[in-house]
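Open the structure in your viewer and keep the selection tool at hand. Each stop below says what to select and then what is there.

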Amino acid sequence: MNSAMVRFVVRRLLSMLLVLFAVSVLVFLIFNVLPSGDPAVRMAGKIPTETQIEAIREEWGFDEPLYVQYLTMMKKLFSGDMISYFTQLSVTEEIWKGLPRTLSLAIGAALIWMAFAIALGVYSAVRAGAISDRLLTVLALIGISMPVFWLGALLAYYLGFKLGLFPNGGYVEFTVNPLEWLWHLVLPWFALSVLFIGFYSRVLRSDILETMSEDFVRTARAKGLSERRVLVKHVLRNSLIPVVTLWGLDFGAVIGGGAILTETVFGLQGVGEYAANAIEQQDVPAVMGVTLCGAFFIVVFNALVDIAYAALDPRIRLEGGTGR
Amino acid sequence: MSGNPLLEVSDLAVSFNTEEGLVQAVDDVDLQVGPGEVLAVVGESGSGKSVTAMTLMGLTRGPNTTIAGRASFEGVELVAASDEELRGIRGNRMSMIFQDPMSSLDPVYRVGEQIVEQIRAHRDVPKDEARRRAIELLDAVGIPDATTRADSYPHEFSGGMRQRVMIAMALSLEPSLLIADEPTTALDVTIQAQVVDLLRQLNQSRGLSIVLISHDIGLVAEVADRVAVMYAGRIVEQGSLDEIFYDPQHPYTWGLLGSLTRIDRPRPRRLLQIPGAPPSLLSPPQGCHFRPRCPHAFERCPQTPGLEARLPQAPRHLDRCWLESEAKQELQP
C-alpha cells in the first residue's frame, strides 16, 4: 500500500464516521421529534397505562432538551438497555442474536450470486449473440422478475416439505452443527441469490462487451498473450470494477435487514425477520434499533466499496476528495 | 534493399462481412520490407492501411473476416498460420504500436508490470529479471528515472511518455519488425518530433525494420526508405521515398502530394484538392478505384490495372495506372 492509498483510506473512514453521526441524529429526529404527539405514548404500545407512559417519559428524558434526549438515546443504544415495551427484551441484544443468522445468509448468498454472475456474465459476453447468450438473457429476466417470497415459498414447499431434500425452514447454529447449518441455508441462499444473479450477470455482460472494444485489449492481444489471459487479466479485471461496487452495497443492505422476505419465508429469525415483526407490532424502540443497524451496515459498506474501488482502479486514488 | 525480404506480402485481400454487405477492405496488396528498412504506408482514413497491418498481426481474424493471399515473415506463412503460431510471433518477432497511447495501456496495471507480462508471455524468465529488462527498456526509450517510473500507472504519464512506454513494450523481445500504426497522430507537434526521432534512432542503431502507417506525408518524408500509397483498399503506387516524392506516377499520388505545402517548391496560390470522396468499399467502382475522381480517366480505366513497374529506369517503382509513361511525364504537376 502506498501513501496515496493510505491517505485515501483514512479520509474515507473519517467521512464515514461523520455520516454515521448524521444518520443517528436523523433517526432520532424522525422517531422522537418530528411526529406530532407524545413519543412516550407511541413507544408504550397499544393499550398502555398512565404509569407506563410516565415511566417511559422519565427513562428517555422526553422532558429534557433535545440534545439530552439524543444523548440518552445513544447511551441506551450502546449500553443495551433500549427495551422493547412489547417483549420487555433488550433491542440491542435481540439484534445481536439475529446478526449471526443474517450474516450467514448474506455472506453465503453474496458469494453464490457473485460466483454465478461472473460465470454466466463471462459466458454470455464471450458468446454474445449466440443462442446460448439469448437463452441466458431470458433466464436472467425470469430470475429478476421472480419475487423472492414466491420463489422462496415454492422452494420451501417442494424441495423442503414435499420431497424432504432440505429442512423446511429454521436455522441451526454453525457452532452447534456446521453441516446442519449449511443444510438449512442452501434454500435461503439460493432464493436470495436468484435476483442478484440475473441482474449482475447482465451488468457484467455489457461491461465486458464494452471493455473488449477498448484499445488496451487490442494491445494485450498484440503482445501475444493467450486469449484466456487477455480475457481474465485485462477484460474481466476492468469490467469487474462496477460490479464490485454493486456487490458491496447490496451486501450491506442484506446484512442491515434488507432480506426481510427471505428471512421471513424460511423462518431464519435474523435481523430482517426481527424488523418485520417490529414494524408489524409498531414496536418503536425495536424499529429504531433495526433502522440504526441497517443504516450502520449500509454506510460502512459504502465506505468499504469506495476503498475497494480505489484498490481496483488506481485512477481513483489520485483524485483526492470524495473518491468516486 | 537486397537479399531476402524480412516480410513479403503478396495478393493479400481482407474482407469483412457486415450487416450492410461484404466490405472489401484490402484488395490485392503486395509489400516487401527488407531487414533494417522503413516502409511507409500512406493513404487517407479507410484506405486499408491499418487493416493491412492488423491482419499481419492476426488481429483482424474473426468469424466475419475472410483473409486471402500470402504474407511470409521470417519464413512463416502468416495468413495460413494457426492462432497459436501467430500468438508466438506477435509481440515477440513482430510488434505493433498504436495511434492512441492514452487508451492503449491497461489503466489498472503499472507500466512495468505490463512490460513484464509481455516478456513472460514469450520467455520463461523469472519476474525480477523481466523487471530489470523492463527498466532497461524504459530507460532506452528515454523515460527519465526509469526505475521509479516502472511502478507508475499509465495515467501518471503524458501522451508522449505513454507512446514511449508502448515502444519500450513493443521492443521488449527484440522483434525484427515494428508496425507503427499512426504513432504520432494523437500527440502534440513537438512530441511528434521526439517520437519520430526515437523511431529513426531505433531503426539505425538496432537495424529494426519498421512499417510506418501514416497519413502524415511530412512524417513519412522524414523516416521512410520506401513508400506505398494506398487508396480504397489497394496499393496504387510503391517506390523509394525519392521516387514517390519527386517522380510520382499515379494521379492519386499527384493529388496527395499536391495537397501539401512544400518548401522545395514555389508556393502555390491555392493547395490542390482531389474532388469528390473515396468510394464506399461495399460497392467499389469497377476497374481502377480512383477512376471516378481522376481527371485523366480514359477508356481503359474500367479494367483494373496491375501494380507493375512501368518505368524502365526504375524497376522497383510500381504503379497501378494505365496512362503511358510519356503522358504521365507531361501531366505530372
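The tour goes through one chain, then the other, and ends where they touch.

This is a predicted model, in which local features need pLDDT of at least 70 and side-chain atom pairs count only at pLDDT 80 or more, while totals for chains, interfaces and linings use all residues. Residues are numbered from 1 along each chain as its sequence is written, and chains are lettered from A and ligands numbered from 1 in the order in which they are written.

**Stop 1: the domains of chain A**

Select residues 3-79 of chain A for domain 1 and 95-313 for domain 2; such bounds come from an automatic or database domain assignment. Between the C-alpha centres of the two domains of chain A the distance is 31 Å. Their contact involves 15 residues of domain 1 and 13 residues of domain 2, where two residues are in contact if their C-beta atoms, placed from the backbone, lie within 7 Å.

Now colour α1 (3-33) and α2 (39-44) of chain A, the elements that give two or more residues to the domain 1 side. Helices (H or I, at least four residues) and strands (E, at least two) are DSSP runs, numbered from the N terminus. Of that side, α1(A) gives the most, with twelve residues.

**Stop 2: a helix with a kink**

Select helix α5 of chain A, residues 91-126. How far apart are its end C-alpha atoms? They are 50 Å apart, which agrees with the 52 Å that its 36 residues should span at 1.5 Å a residue; the expected span is 1.5 Å times one less than the number of residues. Then zoom in on L99(A), where α5(A) has a kink of about 30 degrees, shortly before the proline P100(A). The bend at a residue is the angle between axes fitted to the seven residues ending there and the seven starting there.

**Stop 3: the domains of chain B**

Chain B has domain 1 at 7-224 and domain 2 at 230-331. The centres of these domains, taken over C-alpha atoms, are separated by 28 Å. In the contact are 21 residues of domain 1 of chain B and 15 residues of domain 2 of chain B.

**Stop 4**

Strands of a sheet pair through backbone hydrogen bonds, either parallel or antiparallel. Here two strands count as paired if DSSP finds at least two bridges between them.

Show the four strands of chain B that form an open antiparallel sheet in the order β2-β1-β4-β5. Its edge strands, β2 and β5 (76-77), each pair on one side only. Strands β1 (residues 7-17) and β4 (residues 65-73) of chain B are antiparallel and share eight bridges; F16(B) has T65(B) in β4(B) as its bridge partner.

Next show the open sheet of eight strands, ordered β6-β7-β8-β3-β9-β10-β12-β11 in chain B, with mixed pairing. At its edges are β6 (94-97) and β11 (308-309) of chain B. Strands β10 (residues 234-240) and β12 (residues 318-319) of chain B pair in the antiparallel sense over two bridges, and Q238(B) has L318(B) in β12(B) as its bridge partner.

**Stop 5: between the chains**

Show both chains: 22 residues of chain B are in contact with 19 residues of chain A. On the chain B side, α2 (83-89) and α3 (111-122) are the elements that give two or more residues. The largest share, four residues, comes from α3(B).
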